[in-house]
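I opened this entry to keep track of what I looked up, site by site. The notes follow the order in which I went through the model.

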Amino acid sequence: MKTTLSVIKADIGSIAGHIKPSQKLLEIIKNFIKKSDLISDYRVFYTGDDIAIFLVHQKGKDNPEIHKLAWDSFMEATQIAKEQGLYGAGQDLLKDSFAGNVKGAGPAVAELEFEERPAEPVFLFMADKTNPGAYNLPFYLAFSDPFYNSGLILVPEISKGFKFVIADMEYKGEGERVIELCAPEELYDIACLLRDTEKYGILEIYSRHSGEQCVSVSTTRLHNIAGKYTGKDDPVALVRLQKHFPAAGEILAPFSLAPYVPGFMRGSHQGPLMPVKVNTPVSYFDGPPIVSCVGFCVHNGKLTEEVDVFDHPFWDYVREKAAQKAEEIRRQGFFGNAMVSKQELEYTGITDKLKILESRFKIKG
Ligand code: F6R
Ligand code: MG
Ligand code: MG
């Protein structure tokens, strides 16, 4: 029997702006999920203003009952968010009713299905104030660069490389528009796409040794669904680790770069991706963009106790560097690379102004 991991996350309201959900919301969701007999285990976390529901079950990916369980719990908690007067109550629930899959309805989803190994180590990543492209650089390095993944030269099975499935996040049709590229032969093609964190995002990664999937990233684009700005897409990701997949520390190593990613204040700026402890709110300039990561082993459909991997002295040092990078880019305010591209701006103020100014341009000389 295969085991499925599903992480489904949404922003359904938060305290004092887009900072963190209330304890009550987390309790309501936990109590709702706990009663279900569809799942064999679960956990609930928050990162910034987003709540992530992590479910273990045997029902496979895209299962309507599992998606409905998450949707219904978010709906119930939204009522409480409204009663409590939380900001942005129900913000990411963009459809009035559930139609079989939460994809395309607002919440972000990442899922993995596999035959459990005797020990099955996994990471769950949760990011806020950024978009799915935030994982492009860390996962590109962890799965294709021997500087970060020593297994690529030390372990013959890992040396066979990985297949990247990359999604075009601007695509507005049904399903996902994707391309499959293999490392190492097509490394430069992979790099060409992944450099553009606004348009392209890693959706899945597969081992070329076993053909098994080891990464799943949510690539939801809320503004494609709603047709207007409704918040950034704050992505979640699941990664299988060890043996013929990268080791835990090889996956984590590239996060020490704290790369600049789109998001931050009003989803319209570039900021460093700061690795934070689980259940961390945002703060400075509605950010900086943050990513938390919790590790488990999955065994017979149950989760072991968890480890908060960025809760370690090494990451205090990285956080310090990320804070310096955040302050540095903020010193140039709205100029040049400090803001995202015109297409990606999440509010219409600048584009409205540009339209008006356009009519005042004239040819001189
Ligand atoms: C970014 C984010 C915040 C809000 C900002 C303004 O993803 O959530 O930076 O954009 O706090 O929020 P509103 O428009 O709701 O007042
Ligand atoms: Mg939000
Ligand atoms: Mg958020």
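I started with Ser 207, which sits in strand E8 (residues 200-207). Helices (H or I, at least four residues) and strands (E, at least two) are DSSP runs, numbered from the N terminus. Ser 207 counts as buried at 3% relative accessibility. Buried means under 20% relative accessible area, exposed over 50%, and partly exposed in between (1.4 Å probe, protein chains only). I followed the side chain of Ser 207 to the backbone nitrogen of Ser 210, at 3.1 Å. I take a polar contact as a pair of N or O atoms within 3.5 Å; within protein, one must be able to donate a hydrogen and the other to accept it, and residues adjacent in sequence count only if both atoms are side-chain atoms.

A note on the source: this is a predicted model, where local features need pLDDT of at least 70, side-chain atom pairs count only at pLDDT 80 or more, and totals for chains, interfaces and linings use all residues. Residues are numbered from 1 along each chain as its sequence is written, chains are lettered from A and ligands numbered from 1 in the order in which they are written, and side-chain values use heavy atoms, with hydrogens and water left out.

**Metal sites**

Which protein donors does the magnesium ion (ligand 2) have? I found Asp 11 (OD) and Asp 49 (OD), lying 2.1 to 2.2 Å from it. Donors are N, O and S atoms within 2.8 Å of the metal (3.2 Å for Na, K and Ca); water is not among the atoms, so sites may look incomplete. Asp 11 lies in the loop between strand E1 (3-10) and helix H1 (23-34), and Asp 49 in the loop between strand E2 (41-47) and strand E3 (50-57), so the pair ties together parts that are 38 residues apart in sequence. Asp 11 is buried, at 2% relative accessibility. Asp 49 is buried too, with a relative accessible area of 2%.

I then turned to the magnesium ion (ligand 3). Its protein donors are Asp 49 (OD), Asp 50 (OD), Asp 128 (OD) and Asp 234 (OD), at 2.0 to 2.4 Å. Along the chain, these donors follow the spacing D-D-x77-D-x105-D. The two magnesium ions, ligand 3 and ligand 2, are 3.5 Å apart, and Asp 49 coordinates both. I placed Asp 128 in strand E5 (residues 120-128) and Asp 234 in the loop between helix H7 (222-226) and strand E10 (236-240), so this pair ties together parts that are 106 residues apart in sequence. Asp 128 and Asp 234 are both buried.

**Strand E1**

Next I checked E1. I found 8 of the 8 residues of E1 buried, so the strand is largely enclosed by the rest of the structure. Thr 3, Leu 5, Val 7 and Lys 9 point one way, Thr 4, Ser 6, Ile 8 and Ala 10 the other, and all are buried. E1 pairs with strand E4 (residues 108-114) in the antiparallel sense over 7 bridges. Two strands pair if DSSP finds at least two bridges between them. Thr 3 stands opposite Phe 114 in E4. E1 and E3 also run antiparallel, joined by 7 bridges. There, Ile 8 stands opposite Ile 53 in E3.

**Ligand 1**

A polar side-chain atom of His 18 lies 2.9 Å from an oxygen atom of the ligand. A polar backbone atom of Arg 266 is 2.9 Å from a ligand oxygen. For Tyr 347, a side-chain N or O atom is 2.5 Å from an oxygen atom of ligand 1.

**Backbone checks**

Most residues other than glycine have a negative phi, and most peptide bonds are trans. I logged a cis peptide bond from Ala 183 to Pro 184, with omega near 10 degrees. Pro 184 is in the loop between strand E7 (178-183) and helix H6 (187-194). The bond from Gly 287 to Pro 288 is cis as well, with omega near -10 degrees. Gln 242 has a positive phi, near 75 degrees, and is partly exposed at 31% relative accessibility. Asn 279 has a positive phi near 60 degrees and is partly exposed, with a relative accessible area of 33%.
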